[in-house]
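User: I would like to go through the labels on this model one by one. Please set each value against its cut-off.

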Amino acid sequence: MVRKIIHIDEEKCNGCGLCASACHEGAIDIIDGKAKLVRENFCDGFGDCLPNCPTGAITFEEREAPAYDEAAVKESQRRKREEAGANTKPVSRLMQWPCQIKLLPTQAPFYDGAKLLIAADCTAYAYANLHEEFMKGKITLIGCPKLDAIDYSEKLTEIIANNDIRSVTIVRMEVPCCGGLQRAAETALRNSGKFIPWQVVTISRDGRILD
């Protein structure tokens with residue numbers, strides 16, 4: 001069938017791996033220092049990997065390709081979770097303290113070259129593997145705009161603008177109140193004056209990744 005699918009320009013690719021991390025379907029691998037679309041039937045054509053590519057190596061194209069196989073993707077994700085649980089003991093991936101947005105400093109050594117995870121409080125309870133899949137290797141900032149009753153955008157802007165931040169991942173729940181956290185993070189990214197790869201991941205109330 002002819003459908004929309006991503007295309008990776010290997011000459012532009014620097015092998016950073018951000019696209020592979022952003023692709024929750026697992027369609028992309030890093031092989032010999034280059035990103036490659038290795039499972040065409042895992043690519044849903046939505047392009048979550050595009051905003052994470054710092055070199056512009058990823059574009060859309062329409063061509064003959066296998067249909068997106070959602071069942072195969074879910075089975076692959078299930079196996080990976082089982083393997084991760086069987087082969088490793090659960091460990092905390094929290095890399096700094098404090099982690100609450102309202103308590104964090106706007107400048108600190110742990111921000112130097114950091115990948116930020118801006119997560120809603122509830123995500124850690126709704127998504128069991130948050131530490132391994134999202135917190136690992138990142139500086140974690142958590143908050144709930146409904147409970148804190150504040151706008152985080154000003155503080156997040158200072159953190160992003162005044163430090164060497166490499167990427168931003170926003171993990172939120174599907175509930176409406178989490179929209180405040182996403183809006184604050186997106187506002188901070190715009191107001192920082194920097195171009196930084198970023199993505200939003202939404203968790204359902206029953207612990208599934210929705211996008």
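**Labels and their cut-offs**

Analyst: Asp32 sits in the loop between S2 and strand S3 (34–37); helices (H or I, at least four residues) and strands (E, at least two) are DSSP runs, numbered from the N terminus. This is a predicted model, where local features need pLDDT of at least 70, side-chain atom pairs count only at pLDDT 80 or more, and totals for chains, interfaces and linings use all residues. Residues are numbered from 1 along each chain as its sequence is written, and side-chain values use heavy atoms, with hydrogens and water left out.

User: What makes Asp32 exposed or buried?

Analyst: Buried means under 20% relative accessible area, exposed over 50%, partly exposed in between (1.4 Å probe, protein chains only). Asp32 has 77%, so Asp32 is exposed. Its phi is positive, about 55 degrees, although Asp32 is not a glycine. Most residues other than glycine have a negative phi.

User: Where is Ala149, and what is its phi?

Analyst: Ala149 lies in the loop between helix H5 (145–148) and helix H6 (153–161). Its phi is near 55 degrees, positive in a residue other than glycine. Ala149 has a relative accessible area of 63%, so it is exposed.

User: Why is the pair of Tyr127 and Phe134 called edge-to-face?

Analyst: The structure holds 2 aromatic pairs. In one of them, the rings of Tyr127 and Phe134 have centres 5.9 Å apart and planes at 65 degrees, so the pair is edge-to-face. The rule: rings of Phe, Tyr and Trp (its six-membered ring) pair if their centres lie within 6.5 Å; planes under 30 degrees apart count as stacked, over 60 as edge-to-face and the rest as tilted. Tyr127 has 5% relative accessible area, so Tyr127 is buried. Phe134 is buried too, at 2%.

User: How do you know that Lys4 lies over the face of Phe60?

Analyst: Lys4 is 4.6 Å from the ring centre of Phe60. A charge sits over a ring if NZ of Lys or CZ of Arg is within 6 Å of the ring centre and within 35 degrees of the ring normal.

User: How many disulfides are there, and how do you know?

Analyst: The search of the whole structure finds 0. Cys43 is in no disulfide, as the nearest cysteine sulfur, that of Cys49, is 6.5 Å away. For Cys144 the nearest is that of Cys177, 5.4 Å away, and Cys144 is in no disulfide. A disulfide needs a pair of cysteine sulfur atoms within 2.5 Å. Cys43 has 7% relative accessibility and so counts as buried. Cys144 is buried at 13%.

User: What makes the largest pocket a pocket, and what lines it?

Analyst: On a 1 Å grid over the protein atoms alone, a cavity is a set of points where a 1.4 Å probe fits but cannot get out, while a pocket is an open set with protein on both sides within 12 Å along at least five of seven lines; lining residues have an atom within 4 Å of a point. The largest pocket has 41 lining residues, with His24, Gln77, Tyr127, Glu133 and Ile209 nearest its centre. H2 gives the largest share of the lining, 8 residues.

User: Which bond is cis, from Trp97 to Pro98?

Analyst: The peptide bond from Trp97 to Pro98 is cis, with omega near 0 degrees. Most peptide bonds are trans. Pro98 is in the loop between H2 and strand S5 (114–120).
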